[in-house]
Amino acid sequence: MLTIESLTHLGLGRASDGQSLLPRVLPGEEVDVAPDGTVRIITPSADRVTPPCRHFKSCGGCAMQHALDRFVADWKQDIVVKAVQARGLDTDLREIATSPARSRRRAKLSGRRTKKGAMVGFHARATGTLVQIPDCQLLTPALIASLPALEALTVLACSRKGEIDLTVTEAPLGADVLIETEKELVPQLRMELAALANQYGLSRLVWNDEPLVMINPPTQDFGGAAVVPPAGAFLQATKHGEATLLSAVEEITAQAGRIVDLFAGCGTFTLPLAKRAEVHAVEGAAPMLQSLDRGWRDGHQLRRVTTEARDLFRRPLETDELRRFDAAVIDPPRAGAEAQIATLAASEIGTVAMVSCNPVTFARDASTLVDAGFVMPWMQVVDQFRWSPHVEVVAAFTRR
Ligand SMILES: C[S@@+](CC[C@H](N)C(=O)[O-])C[C@H]1O[C@@H](n2cnc3c(N)ncnc32)[C@H](O)[C@@H]1O
């Protein structure tokens, strides 16, 4: 028998033998591990609950449905607090904002052919086999409603063996679907796919890099501006998470008349901020900026927005370029923004709003700012990856 001592940042239980890392257990639980690796809970934790989703046992899409919401919230907050403490930082922690069930509006699913047709879903945790998820508690009802369309597309787009990737995003007038496959797109297949897109009321269907049909523009609303993102482009995972991050970013930059939005994507923050400030959006992917720019041009009563396609790892904005801004918003990928944070730290900019999906690089970049004379009055964990080990955080930095 083993006792679970703590959880890793991936949600695996560290067992009392000093070596086992066990899935779907909780601290304090006593467990038996069978020779085939099956874990049997002997003494359950008071934080253990019946998983709300019937697919949880087989599906690898979620990792933490066996724990109370409060437990998961405290565990995620603790990961971020420990990461900043390891850098010698201290700050106020605002209460976590957890997105509700059935609110994930974008997902990458896999599809494969079966004898009877096709199946679409997430991979199982241990075996990697595909699990169908008709009652998934994570995805929005609109994404669940798109599953039959994705299955029909898989029958056409997938070869007999192998799998395809399907990125599906909720849009107001029908799902926005990107198929990534190695199958060749011959003219007959193109026609059949377009007919399916019409039949199932998709708003757009894209095949690898090639748009097949756009029946309705798959717009995303960023503060009233309608943006059509490139297929499969980054979006915050839930509308709730996006709104929470945006209101934090708006609060932090409230006094700024000129803002630079670094790693701006399609304008999640740029366009709402442009209701009251001039914004310069910098981002590596030019097509995302084209979408942002089109949204701004079609928008109403927005201040000036400029865009710049630039690799911010290799060519961060330099201190003299930062001189024209009062505040920076920075929302880098998991690697963080070491080079860009270094020039922000060396600049005269007075306010930084940082959003991060990686507590380790967040803490590293936060400590660079604090070492350069910033204070971090508060941070907040925004859990838009409910039931997964992912952690998102937003924090305020102002010059002392
Ligand atoms: C976490 S997303 C944030 C996007 C946007 N702020 C939002 O909320 O929708 C990170 C963004 O950084 C961009 N990116 C990744 N590497 C980059 C680089 N080296 N230089 C500039 N942008 C980069 C990605 O294309 C992506 O849009």
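A disulfide is taken here as a pair of cysteine sulfur atoms within 2.5 Å. The structure is a predicted model, so local features need pLDDT of at least 70 and side-chain atom pairs count only at pLDDT 80 or more, while totals for chains, interfaces and linings use all residues. Residues are numbered from 1 along each chain as its sequence is written, and side-chain values use heavy atoms, with hydrogens and water left out.

With that cut-off, the disulfide count is zero. For C357, the closest cysteine sulfur sits in C266, 16 Å away, which is too far for a bond. For C62, the closest one belongs to C136, and at 6.2 Å that is again too far for a bond. Burial is judged by relative accessible area: under 20% is buried, over 50% is exposed, and partly exposed falls in between (1.4 Å probe, protein chains only). On this scale C62 is buried at 10%, whereas C357 comes out as partly exposed at 22%.

Now to the strands. Secondary structure follows DSSP runs numbered from the N terminus, with helices being H or I over at least four residues and strands being E over at least two. Two strands are said to pair if DSSP finds at least two bridges between them.

R24 lies in the loop between β3 and β4 (30–33), and its phi is near 60°, a positive value for a residue other than glycine. R24 is also buried, at 13% relative accessibility. S45 belongs to the loop between β5 (39–43) and α1 (69–85) and is likewise buried, at 13% relative accessibility. Contact means heavy atoms within 4.5 Å; leaving out residues up to four places away in sequence, S45 touches L26, P27 and E29.

Further along, β10 (residues 164–169) has five of its six residues buried, so this strand is largely enclosed by the rest of the structure. β10 runs antiparallel to β7, with six bridges joining the two, and A107 stands opposite V168 in β10. β10 also pairs with β11 (residues 176–180), again in the antiparallel sense, over five bridges. Here T169 has D176 in β11 as its bridge partner. The β10–β11 hairpin has six residues between the strands, and G174 takes a positive phi near 125° in it.

The loop between β6 (92–98) and β7 (106–113) holds R104. R104 is buried, with a relative accessible area of 14%. Its contacts, not counting residues up to four places away in sequence, are L138, L139, T140, L143, A237, T238, Q384, F385 and R386. For L139, the C-alpha to C-alpha distance to R104 is 4.6 Å, across 35 residues of sequence. R102 is found in the β6–β7 loop too, with a positive phi of about 55° although it is not a glycine. At 44% relative accessibility, R102 counts as partly exposed.

As for the helices, α3 (residues 147–157) has eight of its 11 residues buried and is therefore largely enclosed by the rest of the structure. The buried residues of α3 are L147, A149, L150, A152, L153, T154, L156 and A157. D298, in helix α7 (residues 286–298), is exposed, with a relative accessible area of 51%. D298 and H55 are 43 Å apart, C-alpha to C-alpha, and 243 residues apart in sequence.

Helix α1 packs against α10 (residues 359–371), their axes coming within 8 Å and crossing at roughly 35°. Axes are lines fitted to C-alpha atoms, for helices over the stretch in contact, and angles run from 0 to 180 degrees between N-to-C directions. I79, V80, A83 and V84 in α1 meet P359, F362 and A363 in α10. By class, this contact has seven nonpolar, no polar and no charged residues, where Ala, Val, Leu, Ile, Met, Phe, Trp, Tyr, Cys and Pro count as nonpolar, Asp, Glu, Lys and Arg as charged, and the others, Gly among them, as polar.
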